[in-house]
Amino acid sequence: MSLFYLKEKLEARIEELGKYRFSKIVELSDWLVVEDETKEAKYPPKDFSSAATFSVGDTWKGRDFYLWVKKEIEMPDVDDLYLYLNFGHTGGGYNSGFESLMFINGKPYQGVDSNHKEVKIADEFRGKKVEVALKLWSGLEGGGPEQIQVHQFKQAELSQMMVPVDELFYYADAINKTVKELGQDNPIQYKLSHVLNHAINQINWIEPGSQTFYTSVAKAVSELSEGIAAIPKDEMITVTAVGHTHIDVAWLWRLKHTREKAARSFSTVLRLMEEYPEYIFLQTQPQLYKYIKEDYPEIYAKIKERVAEGRWEADGSMWLEADCNIPSGESLTRQILHGAKFIKEEFNQDIHYLWLPDVFGYSWALPQILTKSGIDTFMTTKISWNQFNRMPHDTFKWKGMDGSEVLTHFITTPEPGKENSWESNWYYTYNGELEPETVLGVYNAYRDKNINDELLISYGFGDGGGGVNRDMLEKRRKLDKIPGLPKVQTGKAVDYFDRLQETFKNTDEYVHTWDGELYLEYHRGTYTSQAYVKKANRQSELLLRQLEILFSLMEMKGQEAYPKVEIFNMWETVLRNQFHDIIPGSSIKEVYQDHRIEMEGLFKEAQSLLAPLQSVGDSQTVCNFANWQRSILAELPFLLDNQVYVDEAGEVIETYANGEVLYGLISNVPALGQKMIHVTEKQEMAQIPTVAVVDSNQIETDFYLIQWNKSGQLTSVFDKELKREVLSGTGNVLQLFEDKPMNFDAWDIDIYYQEKFQELAAQEIIVKPANALYQCVEFIYRFGESTIKQEMRLYPHTRRIDFVTDIDWQERQQLLKAKFDVAVRATYATYDIQYGNVRRANNWNTSWEMAKFETVAHQWMDMSQRDFGVSILNDSKYGCDVKDQTMRLSLLKGAIHPDPTADMGQHHFTYSLYPHRGDFIEGKTIQEAWEINEKPLVLNGSIGTLPQITTTQDATIVIDTIKKAEDGNGWIIRAHEYAGTDQTVDLTIEGLTWWRETDLLERNIGEVKDKQPSLTFAPYEIKTIRFGK
């Protein structure tokens, strides 16, 4: 404590000074108000004849409630005129509560909320009568049970800003906070304190608000500026500050609310740019630009002007900030393709970096996707939320599974005032504030100071938008001048990343390389929450692939025009719903109600595209969109009792009617081809072949002898072909865990969840009647308020053991897993991910391995030794864990926040046990997983013989798409290598006349060739070619 209480005195004087920044001209009490019952109006209504009076002091309330308020105001002809408005309370991060958009004379002007109460009136309105209107939104509760939002109209007045007071307030506040941060060992703090105290002492406080007072303040500003300028500012550190607002496209609000948030936030940006010409703003999500273009073309036109000037940065690569765990590799590619296309067509800008500050983990496929899209830099902050381990570097090379590298940078901006132990250790934010604590902290926390002394801060309120306010822009100006602090300069992210690239390219210091996925040690529940969203995503990705391949082949033959616009728009629906709070399952209930409507619309649109291909008759075309030959278990139209299906060779197709579905096994459907089947009269009653021999607690097929106990748990799976036991303990054990995470319910599974669980016991075990296609044993479980009906299906045509599952799920804060103890000795498991696979340790030797106690896989996970392995396949699940010899698949989670009803209801899914010879490559795990994932496409009638596309036999590649090129010039084929081997693959395309290689954005990178393609793949490499006829 200072003997003269200097610290306390300065704080008190600065706080008091803030009260005199504005001089009130007139109070604006009585407004007109009407409710927007449609909740959809974008512009002020013309008719206020039914309006009530809305006065300062009035309370208004509702949930997702809209009011229009209006007042005609005579604007004084004075300088620095501001409208000060306070209609309600905005929650932290704009995650709840009040927001509004203000209009002047019917045109959007600025967002008004708790952080943007001051609205500067443009000079064009001085001395004129104008109509001011605001669209007030009550907001929502921010997740959890629905709550009415209550707000009070507290203030509305016209004021003149007293510029010297405003200047002194911000300057003094910044200096005083700097003194606190520098500490007693830094001599600069004493100089700053002396200069600040001297300036504050110039203020005449006898009559605050008088002319004498304002004259003394002006003198204080002058002396403070001169005093600070006299202290050398020779810091070597530079902070580049880019304005930003993080707008979650949906989260604790719906997509429709996001459109409104974007309008409010962007109109505020444009308004502040007029006042602060140095202000540079970044917005990365083209989905938001499209919303603005549709809703408020006048705002969009101004944005385009600012982009052309270089003051508004449109970059960041993806259509929106997508989750990177759940979407397929092709989806991640389309995120960038759609994003780059929009930014180029609308703003004539290229993309340069991937900006994903708030995503819950980063796939090992990303570096290759980025480099093959021309992107050399990746930025995030979310990895700082790790629970157990801090990443060793903040700027480094990230190497992908194929060996591609991108420079990766973590923003290290601290949250000011955070005291939570793990947060204060390494928690950083993308919603930065500009304070002495943050501009010093971003450097102090940075781990690569030996190479780089320029850091990046993205500043502005966010999550629900809001963005930068005048307070932040004033602080930026002041912080840049204060000795003892880094230089704080405005700039564009692209320019910062260019300089960062040069710094790390030219250094002779060690630059770290991280070779592997960037796994977030947090939010592990997002692999499982909201199961329908995951299932719809998987189905839609595969459906769009089918449509693209089918219509490409048909157009190549000249049969049907490729529905380019329709498929592009369907992809946009899928991409929108891959936003990092929609697909992870971490949004409110209404978001998932909207999601279901959108996805059901997409599936109907697909059927409408296929409808013209259907014809009436007794023939069916069974399509195979995999690049390997398959035997397909397909759903077929029902037959009369005296009818059967036969293939082109006249062989009878085995069928079985299971309830409302008729299944048929169509053998040897060619790769990327079709097979015709026909209806004919049944010649004689065929004898149903014996698929299995069933006893009270066991079943035997040509492949297995399987036994179970009275609870329905598998106790033995003996592989007759490989002559070995598959299980080391029990199998298909349904485990129900207490799931009460410490912080974020839908997001998290915490490591202690394994301490408390029960194993479900089947109340009924029923052997179903035999049929020609499979033998089925049904297990029925009842627990809590929920019921599981599960069929274990064994087939004569495949070694796969399917568990076809129907659940009525009603449990809260419970996690359901299926467990298999497998007789495999290995120290790692392999997991299917985008464009390849990743190995993860199945032990907890280190804290890094322990932290991965729940991980993500797509269609399969596998644990193998050299001669034998076991895969767990699934058709719609992502969460899983493998430890020692136990493999578990996460099936359902019962989160209560932010959606209290998450996952309640009916679920249908399939997972499989698949023992195999050798590893997952030799055992053809990928091919077997495909069978339960891609719903076979069966068309009524014939579509003729389509062009054949074949690959080298047994090539370890997957064709990811065959599609029309975005520019209409030819078609695109993309494939990836999945076994981790170098290989040359011959691709034969019927009718091909030319081809050339492209990048993932379909930009040509190779010479035109006229022979059939021969492609050399490196391990896990993605290849894309353009070809024509």
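Tutor: By class, the lining of the largest cavity consists of 12 nonpolar, 8 polar and 8 charged residues, where Ala, Val, Leu, Ile, Met, Phe, Trp, Tyr, Cys and Pro count as nonpolar, Asp, Glu, Lys and Arg as charged, and the others, Gly among them, as polar. The model is predicted, with local features requiring pLDDT of at least 70 and side-chain atom pairs pLDDT 80 or more, whereas totals for chains, interfaces and linings use all residues. Residues are numbered from 1 along each chain as its sequence is written, and side-chain values use heavy atoms, with hydrogens and water left out.

A cavity here is a set of points, on a 1 Å grid over the protein atoms alone, where a 1.4 Å probe fits but cannot get out, and lining residues have an atom within 4 Å of a point. The largest cavity holds about 460 Å³ of space, a volume being the space filled by probe spheres set on points joined across faces, edges and corners. Its lining has 28 residues, and S328, Q859, W930, D960 and H976 lie nearest the centre. Two or more of the lining residues come from each of α8 (329-347), α14, β41 (828-833), α18 and β51 (957-964), the helices (H or I, at least four residues) and strands (E, at least two) being DSSP runs numbered from the N terminus. Among these, α14 supplies the largest share, 5 residues. Domain 3 (238-507) and domain 6 (948-1028) each contribute at least three residues to this lining, with bounds taken from an automatic or database domain assignment.

Over the whole structure, the search finds 12 cavities of 30 Å³ or more. The second largest cavity has about 90 Å³ of space, and of its 17 lining residues, N325, S363, E517, R840 and V856 lie nearest its centre. That lining divides into 10 nonpolar, 5 polar and 2 charged residues.

The open spaces are pockets, that is, open sets with protein on both sides within 12 Å along at least five of seven lines. In the largest pocket there is about 1,200 Å³ of space, lined by 39 residues, with Q539, E635, E934, K935 and P936 closest to its centre. Because both domain 4 (619-684) and domain 5 (693-823 + 889-936) give residues to the lining, the largest pocket lies between them.

Q578 is buried, with a relative accessible area of 0%, buried meaning under 20% with a 1.4 Å probe and protein chains only, exposed over 50%, and partly exposed in between. Setting aside residues up to four places away in sequence, Q578 touches L320, A322, D323, P327, S331, Q335, N537, E541 and I583, contact meaning heavy atoms within 4.5 Å. Its side chain makes a polar contact of 3.0 Å with the side chain of S331; such a contact is a pair of N or O atoms within 3.5 Å, and within protein one must be able to donate a hydrogen and the other to accept it, residues adjacent in sequence counting only if both atoms are side-chain atoms.
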